[in-house]
Amino acid sequence: MAIQPPPEASKRVQVMVVGLGMVGIAFIEKMLTLDTVGKYHIRTCGEEPTVAYNRVGLTEYFQHRNVSELYLNPVSWYAEQNPEQFSFHIGEQVLRIDPAKKEVHTSKDNVFTYDILVLATGSAAGLPPYVSAERARKTKGVFVYRSIADLENIIKYAEQDHVTRAEVIGGGLLGLEAAKAVYDMPSVPNVSIHIRQDYPLNRQLDASAGMLVLRKIEDLGVKVVTKSTIKDMTTRTDESGETFTGFQTASEPIESDLVIYAVGIKPRDDLARDSGIELDAGGGVKIGDDLMSSAKDVYAIGECASWRGNFYGLIAPGVEMADILAFNLTQTHGEGAPKHAARKMNTPDLSTRLKLMGVDVASFGDHFADMRVQPKIYSAPALGEVHIEKPSRSNENTAVKCLTYHDPFSATYKKYIFSQDGQHLLGGMMIGDVGDFTKLVAITKKKKKLDVPPSQFILGSKSEGETNGDDLDDDTTICSCHNVTKAAITSCVKDGLTDFAKIKAKTKVGTGCGGCVPLATSIFKTEMKKLGHSINNNLCHHIKMSRQDLLYTVKIKKLKDFRSIMDTIGTGNGSQGCEICKPAIGSVLSSLYNEFVMAPKHHGNQDTNDRYMANIQRDGTFSVVPRIAAGEIKPEELIVIGQVAKEFDLYTKITGGQRIDMFGAKKQDLPTIWSRLIDAGMESGQAYGKALRTVKSCVGSSWCRFGVGDSVGLAVDLENRYRGVRAPHKFKGGVSGCVRECAEAQSKDFGLIATDKGWNIFIGGNGGITPRHAKLFASDVPPTKVVRIIDRYLMLYIRTADRLQRTAPWVESFEGGIDKLRKIILEDELGICADLEAEMHALVGTYEDEWKRAVNDPELRKQFKQFANSDEVRPSIEKIEERGQNRAADWPKDFPPMKFEAKDLPTPKEQWKWIPLATVDDLRPTHENTTSAAVRYGEDSQLAIFHYPGKGYLASQQMCPHRRAFVLDHGIVGDDKDGNLYVSCPLHKRNYDLKTGDCSTDPSMHILTFEVKEEAGTLLVKLPPAEELDEMIGSSKWMVRKSTAEALGRIPATRIEIVPPSMRALQDPTSSPEAKHGSNGGGCGSAALDW
């Protein structure tokens, strides 16, 4: 039965889009934008059960396993569209086209009529001739790499215990992407890439560049088999069917457990073929310059289309086709539409820039112009590789000249190809430093005559990052995935769009591979400055200013607590802030005045770790880290640490900062533990604060025969000087006694290396998620000046950095860069050095050992009880023994969504009773800030009670359902922009409304909340019968145990398989579990076997 369009939409021209991939959604978006007169109704069918997602980012799925993070538009976008203009169907495949009747028939027995049909069916994975599609589908352990479903199947199969070896067939972009993905899976330690050629990326790189990438891959531990001679798969057959076991080759057989074929793509043209639409001889729907197929009003775009004998596996040509077709349909004909000459398909730009195995790789223009016969190979990041014809590169093209730069030490390679007279840049390739890519693409596309000598492109191309775009023409393509020009970005700003996220949504810049985001952001910021706009860097809706402005305001107005700050500059009457502004205010106050963080007026500001001056762990216990300045410790102190760890059953580990970390301390034991440590002469290491952590050192001249400087002595002095100094983020130091750099000073926020003339000072380094190598700031600094320079540097950082900004990005984003910092700090260009030194001197003079103060205050010690109304101790996670120590049992990979609601209790709310559970003194309420405490109820229930100044008391269950952690009393209490009160879980910031129990950050979660009233100093909570609450939220019922992870599935990172010595001899010596990264695959051989 035919389904007709809605009555209102039936009057419109019906456009049917077959396929909801990246190109299909690009066409739909452009049509919805350009069709301002409402001429068209667009309908699409996507066979996958999801909305359009970013196929270029497939490998990221292995990290987060959340398909919604790949969506090109949120699900809400589809619902927001006008149904008279747009309809969509997911999980529904078009099976047949009737061009004569202009109908399509779907897998759900629907029949849709159309006036215009657009085929955007994409491509399918290619296979070598020895494997049929049917055999690949039926054989367990055989996969391709094209869709979310493929990835899910790979993940599921690879996590089986017997799967430890994987082969990737194909050394192109897709092959390397697949290799990275499977190698990053802990359960598969051995991954090999098989290619027929001498080096990977044969279609993008020449031999020198390819060999550089090959060595880089092998250095990471991935085995690469070149000149591979695979003839067939080997399998075993049992009652369950065929299972992959390896390969037959021209020499020795290969044993393996899993194979991923990444040998290119083939257009999905079967629907067109079955409908009588003409195909190209090499595959793909044959289209003309106007993108129409042989059937009237049937168009094809993207990978399924063949234009002039070529089909393209790149996203950019597909988006270009979508651009052209949408433009022609809306801008060139039809009543009410503007008149414009129709656009035609031209040879697309095939420049690519991507990251493979941790290495930036780019090619642009005619990057094989130095070969007499040029290849016609077009490949795409994460989309596969297309073989059109076999290239021949045996002879050089003498009509061009090349400039080549090859630095094997930094893995940098550049080859730029010029016309013989050096007047024009024709193309090139880059590895490592690709910062000039966008500029070079623009020069090549425009065929601009060069105004600088060719040598400057090599010698002058190194820079410290992307350009701000000032030297780029307005029609320069910034985002090649979606064909977004510089002018498109700047026009948005000129039209009043001053939010970069909204510009991304409108133009789609940065929503493909993402490589253009830094440059696009720079262009956006530059244009904002030109037009006098300020970039919104407000902390939150409570504090409408940046951290830098907040600090200066607090300093000038001499504000000294949260309440006075909120009353002076905050929004909302009596607001209590949120999990963003409260810690930021706490940090600013500490950076200025360094008052005790557990003082009542400050305690409610502290986030997670500062609240109890210890790092909270996933089981709700804490870690204890005494300061061991420069890693120097006395035997007596070591003995005490051992005794304490043994007495309190603490898991001990040496940290990377040369300290000893003791894990698993119960909150109520923290004062006693610290009392013992302090009595032994130790103090807090403040590992919990956004403050100085450590100053690492080697033994230097104290012991080392190579030592030039006293690295231990200087590191001890620096650590003792800056201990307790809180900053926008944590910071670390390092001091090495000679250039051998054993203390890794160049990976720290500040580092010093001894020279025979003094100390070289480095700044702006860090490890972590985005490691940075520190930059040389000053050379041969006399020892007497070292501290003064570091004082100035750290104080300027504290003054001007953004919230939670490490020193490395602060240095990188500082206006004028490191050269400007040198002028300010070394040359006193602004005349503020004396002020900076004085402020640091005053700040370090306020230091006191926070834990010493806490253990000597009986009232403070009371705050460390687990329950205000009981001395009982309840664990939240079962302990397991591992390597002779006890630790918390593993979390499962995922906890199921959990909603605890009053309606599920047998006793209705109106029959609940008021139960006395605590006293007012237990919560220590103040008018300045929020307070909280945990209480016991019944035999097994844990509750949290909160006090909100001016609004009284509230209560909730103590357990956060997200990770079954009994920690909500430790969370920050705040209010949203509508004044609703909530508590933010200290572990992962799930925010729960304290009235409704709803979770604003995760709708799948819900907690029980309860009314609280005060009577004569007693706090009563309105509760159901204890046995009912125990049954619903009882601690023993929800405590995470060893069996929990087994039942719900382990996190892959906790599953480690050790290869026995007998097997190691069989492995390639270069193989190791540290390999990272990879990308896309494709044609690397003959037309018959393209991998």
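How many bridges join strand 10 (residues 165-169) to strand 16? Four bridges do so, and these two strands run parallel. Strands here are DSSP runs of E with at least two residues, helices are runs of H or I with at least four residues, and both are numbered from the N terminus. Two strands pair if DSSP finds at least two bridges between them.

Welcome to this predicted model, where local features need pLDDT of at least 70, side-chain atom pairs count only at pLDDT 80 or more, and totals for chains, interfaces and linings use all residues. Residues are numbered from 1 along each chain as its sequence is written, and side-chain values use heavy atoms, leaving out hydrogens and water.

Strand 16 also has parallel pairing with strand 9. Here are the partners of Y261:

| Strand joined to strand 16 | Bridges | Residue paired with Y261 |
|---|---|---|
| Strand 10 (residues 165-169) | Four bridges | I169 |

Within strand 16 (residues 258-261), L258 and I260 point one way while V259 and Y261 point the other, and all are buried. Buried means under 20% relative accessible area with a 1.4 Å probe, counting protein chains only. In a regular strand, side chains alternate between the two faces of the sheet.

Elsewhere, Q942 sits in strand 43 (residues 941-948). Q942 is buried too, at a relative accessible area of 3%. The Q942 side chain makes a polar contact of 2.9 Å with that of S1035; such a contact is a pair of N or O atoms within 3.5 Å, where one must be able to donate a hydrogen and the other to accept it, and residues adjacent in sequence count only if both atoms are side-chain atoms.

Overall, the protein chain has 33 helices and 51 strands.

How values were computed
Buried < 20%, exposed > 50% of the residue type's maximum accessible area, 1.4 Å probe, protein only.
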